[in-house]
Amino acid sequence: MPTDTLGLVLYTLAGSVPVVLFGALVLRATTNRSLTLSMAVLVLIPTLSALAGVIAVSGLMFTHDLERTAVVLVVVAVVTVPAALLLGREQARKTVWEKQIRDQERAAERSRRELVAWVSHDLRTPLAGIRALSEALIDGIVTDADDVERYADRIRRETDRVSVMVDDLFEMSKIHSGALRLALEPVDLRELVDEVLAASRAAAEPAGVGLRADQPAAPVVVAASDKALTRVLTNLVSNAIAHTPPGGEVAISVGTGDGHAWTRVDDTGPGISDEDLPRIFEMAYRGTAARSPVATGGIPPGSGLGLAIAAGLVEAHHGQISARNRDRGCRFEVRLPLSSGLPP
């Protein structure tokens, strides 16, 4: 057993350094596996290295003092290791949560960049048309009464198109800023479907697309904002019409199951590519050419926000929206909790 300071230091290092090195190897091997296990190893390394240093200094003589020291270190390990495991789990949850937040922020930033690009492109086209038409009228290039009326009507339609884009942007900003407030009340989904179908026929008929509704005899009541939910279904039906070729059909069905009401919009279009499907509800994401609109008759170009707005409004209703391909075409499904206390 060493008696001088230098000897104590050397013996302590001889006992503790191997433990530290072994602990470092274990820590390196477990770093990518479990944060909780890594925390436990970090706590045990100094405790075990201290015990190894004390044993080395004692000359492997298990005296009463060594026994007391070992008891103290064991008690410290018993207290600190469970604490490290709890802290490790908490840190792991925090790390996962922070990673999810970063991923969401990156996705939101990517969506914002795409949104700016799409909207800039789409606004430029109608504004250029409005400017050219108005300059032709102001300069007197067009003087025939029929031509003047035609130009004025074109300016009105382009203005309506820009107005729709601005309204969609405003709605999207309210959804993403958390400023959207919905007044929920009992709503029968069947009535909303009838209203949406009636309003959508003006766009479906010129495109040669049939509309059909499959609804149960009993009411399907959910707690919803009549206006917001109507917009959700209108956006889904308009999207389905725009991507269904002439001679195809768009069907809306309503039903209940597992305490939820569901509304499905099925089309007979080309479906959605596997690449587009995960991003179909992102802002301004329009997908690849495989999902380009094929029925444009009577349907004005959209802002690219219809599905994103629908997803945001469904989330505000505490519901879920999904999209998947069928054997022919695709299906959009909205699931909402049934209104409590009201018959399904």
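Start by selecting L6, V9, L10, Y11, L13, V17 and L21, which make a nonpolar surface patch of about 660 Å². Patch members have over 30% relative accessible area and no salt bridge; like charges are joined within 9 Å, and nonpolar side chains (Val, Leu, Ile, Met, Phe, Trp, Tyr) within 5 Å. A salt bridge here is a side-chain nitrogen of Lys or Arg within 4 Å of a carboxyl oxygen of Asp or Glu. Areas come from the Shrake-Rupley method with a 1.4 Å probe, and for residues only the protein chains shown count as cover.

What you have open is a predicted model: local features need pLDDT of at least 70 and side-chain atom pairs count only at pLDDT 80 or more, while totals for chains, interfaces and linings use all residues. Residues are numbered from 1 along each chain as its sequence is written, and side-chain values use heavy atoms, with hydrogens and water left out.

Now click L13, in helix α1 (residues 5-30). Helices (H or I, at least four residues) and strands (E, at least two) are DSSP runs numbered from the N terminus. L13 counts as partly exposed because its relative accessibility is 45%; buried means under 20%, exposed over 50%, and partly exposed in between (1.4 Å probe, protein chains only).

Zoom out for the whole chain. It has seven helices and seven strands, in the order α-α-α-α-β-α-β-β-α-β-β-α-β-β. Of its 344 residues, 37% are buried. The chain exposes about 19700 Å², with carbon and sulfur atoms supplying 60% of that. Among contacts (heavy atoms within 4.5 Å) with a separation of 6 or more, 73% join residues 24 or more positions apart.

Next, select R190 in helix α5 (residues 189-207). What does its side chain make a polar contact with? The partner is the side chain of D188, at 3.0 Å. A polar contact is a pair of N or O atoms within 3.5 Å; within protein, one must be able to donate a hydrogen and the other to accept it, and residues adjacent in sequence count only if both atoms are side-chain atoms. Leaving out residues up to four places away in sequence, R190 also touches Q215, P216, A217, A218, P219 and V220.

Move on to strand β7 (residues 330-337), where six of the eight residues are buried. Strand β5 (residues 260-267) pairs with β7 in the antiparallel sense over seven bridges; two strands pair if DSSP finds at least two bridges between them. Look for T263, whose bridge partner in β7 is V334. Strand β6 (residues 320-325) also pairs antiparallel with β7, over six bridges, and there S322 stands opposite E333. The β6-β7 hairpin has four residues between the strands, and G329 takes a positive phi near 85°.

L236 counts as buried because its relative accessible area is 0%. Beyond its neighbours within four places in sequence, L236 contacts V265, L307, A310, I321, F332 and V334.

Finish with helix α7 (residues 306-316), where eight of the eleven residues are buried. Just after α7, check H318, which takes a positive phi of about 60°.
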